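Hi,

Here is the structure I promised to send over. Have a look at it first, and then read on for what turned up.

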Amino acid sequence: MKLASIIVGIGIAGCAARGVQAGPESVPAEGGSGRDVLVFEGMCDASGAVALGGSLFVVGDDEDNILRVYAARRGGAPVRSVDLSPELELPAHKKKAPEADIEAATGLGSYSFWLTSHGRNSSGKKAPSRLRFFATEEKEGLPQLVGRPYTQLLDDLLAAPQLGAFRLADAEGLAPKAPGGLNIEGMTAMADGASILIGFRSPVPQGKALLVPLLNPKEMVLEGASARVGEPRLVDLGGMGVRSMSWWRGRYLIISGGTDGGGTSHLFTWAGGDDAPVLASDVDLAGFNPEAFFTPEDAEEILLLSDDGSRPLDGVACKKLKDPARKRFRGIWVRPGEQG
């Protein structure tokens with residue numbers, strides 16, 4: 001399948017020529033307790049990422065359908081990027097393709113899997129473009145679609161008898177940030193190397209985060225097979241839902257967050273099974289809005305990526321800036337092993 005649009009990143013030198021700062025900056029007043037914060041340019045709403053070779057990662061933006069590749073240790077502009085709108089069967093309307101609302105990503109074997117919110121739009125209206133589960137594979141340095149985007153996951157979840165107690169059909173009828181509205185924002189590969197675990201930001205049944213296994217992700221995108229749903233789990237994240245998830249060094253990493261965007265996010269580690277998630281109490285995320293991970297297995301630290309779409313830049317919310325060159329999101333390296 002041909003790529004509809006390939007956009008090559010302009011590199012660090014181009015950023016310097018524009019007078020835009022690349023690389024680390026110290027932001028003691030806005031999260032990270034004075035740690036150096038990396039700045040990544042060209043987008044605001046980091047919402048799901050997958051590690052590629054070396055120190056590169058590919059990240060999705062919930063405001064467009066472009067996947068961008070960045071250097072995790074350097075920051076700056078994207079190394080390369082690709083618009084997947086045509087491959088996601090999202091034709092342009094009024095000069096712009098409808099957004100898929102990419103919210104989560106994970107690596108599984110040679111594939112990168114991507115998940116959209118599967119909720120309604122902010123006004124509570126149905127948004128078919130947000131019903132996408134798809135996979136990419138890196139070829140010639142670019143993410144390229146594998147198989148076809150799967151669009152029936154919401155129906156599969158609503159029909160799964162093991163999820164009946166959570167009243168997802170009622171949740172689906174609400175705006176995603178309304179109390180009890182349906183919104184999926186987390187996804188990670190599971191320990192078996194074949195299944196995927198998805199995490200709901202909302203609803204939060206009994207004040208606990210809802211996790212649901214998908215047992216056949218490859219068949220869903222390669223063969224159009226219906227999702228096989230595993231047994232759900234409820235985990236205690238302090239009354240919050242899931243903003244992001246990752247599997248790293250034999251345990252799950254989970255970012256919690258409020259269903260309506262309020263409150264401070266927290267990092268938890270979870271061994272799975274009947275164990276309770278453990279708060280990484282030494283990781284200060286005040287002023288950050290992390291929604292994605294870069295989790296290299298051979299590193300002692302992981303990189304948290306912040307969805308900075310609402311963060312003001314020169315008095316304007318980042319996502320509202322008309323010049324893409326001015327947009328940016330932040331990343332911070334933390335040690336999940338520092339737990340309370």
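Grid points are joined across faces, edges and corners, and a volume is the space filled by probe spheres set on the points.

Bear in mind that this is a predicted model, where local features need pLDDT of at least 70 and side-chain atom pairs count only at pLDDT 80 or more, while totals for chains, interfaces and linings use all residues. Numbering starts from 1 along each chain as its sequence is written, and side-chain values use heavy atoms, with hydrogens and water left out.

Searching the whole structure gives 1 cavity of 30 Å³ or more. The largest cavity holds about 50 Å³, and its lining is made up of Leu 52, Val 58, Val 69, Ser 112, Thr 136, Glu 137, Glu 138, Gly 141, Leu 142 and Pro 143. Strands E10 (133-139) and E11 (142-150) are the elements that give two or more residues to that lining; strands here are DSSP runs of E, at least two residues, numbered from the N terminus. E10 gives the most, with 3 residues.

The largest pocket has about 910 Å³ of space. It is lined by 43 residues, and the closest to its centre are Asp 45, Asp 62, Glu 63, Lys 177 and Lys 319.

Now the sheet. It is open, with 4 strands in the order E16-E17-E18-E19 and antiparallel pairing (two strands pair if DSSP finds at least two bridges between them). E16 (241-248) and E19 (278-279) are at the edges with a single partner strand each, so one side of each has no neighbour in the sheet. Strands E17 (251-257) and E18 (266-270) are joined by 5 bridges, and Ile 255 sits opposite Leu 267 in E18.

In the loop between E17 and E18 you'll find Ser 265. Ser 265 is buried, at 4% relative accessible area (buried means under 20%, with a 1.4 Å probe and protein chains only). Its side chain reaches the backbone oxygen of Ser 256 at 3.2 Å. Beyond its neighbours within four places in sequence, Ser 265 is in contact (heavy atoms within 4.5 Å) with Ile 255, Ser 256, Gly 257, Leu 285 and Pro 290.

Cheers

Notes
On a 1 Å grid over the protein atoms alone, a cavity is a set of points where a 1.4 Å probe fits but cannot get out, and a pocket is an open set with protein on both sides within 12 Å along at least five of seven lines; lining residues have an atom within 4 Å of a point. Buried means under 20% relative accessible area, exposed over 50%, partly exposed in between (1.4 Å probe, protein chains only). A polar contact is a pair of N or O atoms within 3.5 Å; within protein, one must be able to donate a hydrogen and the other to accept it, and residues adjacent in sequence count only if both atoms are side-chain atoms.
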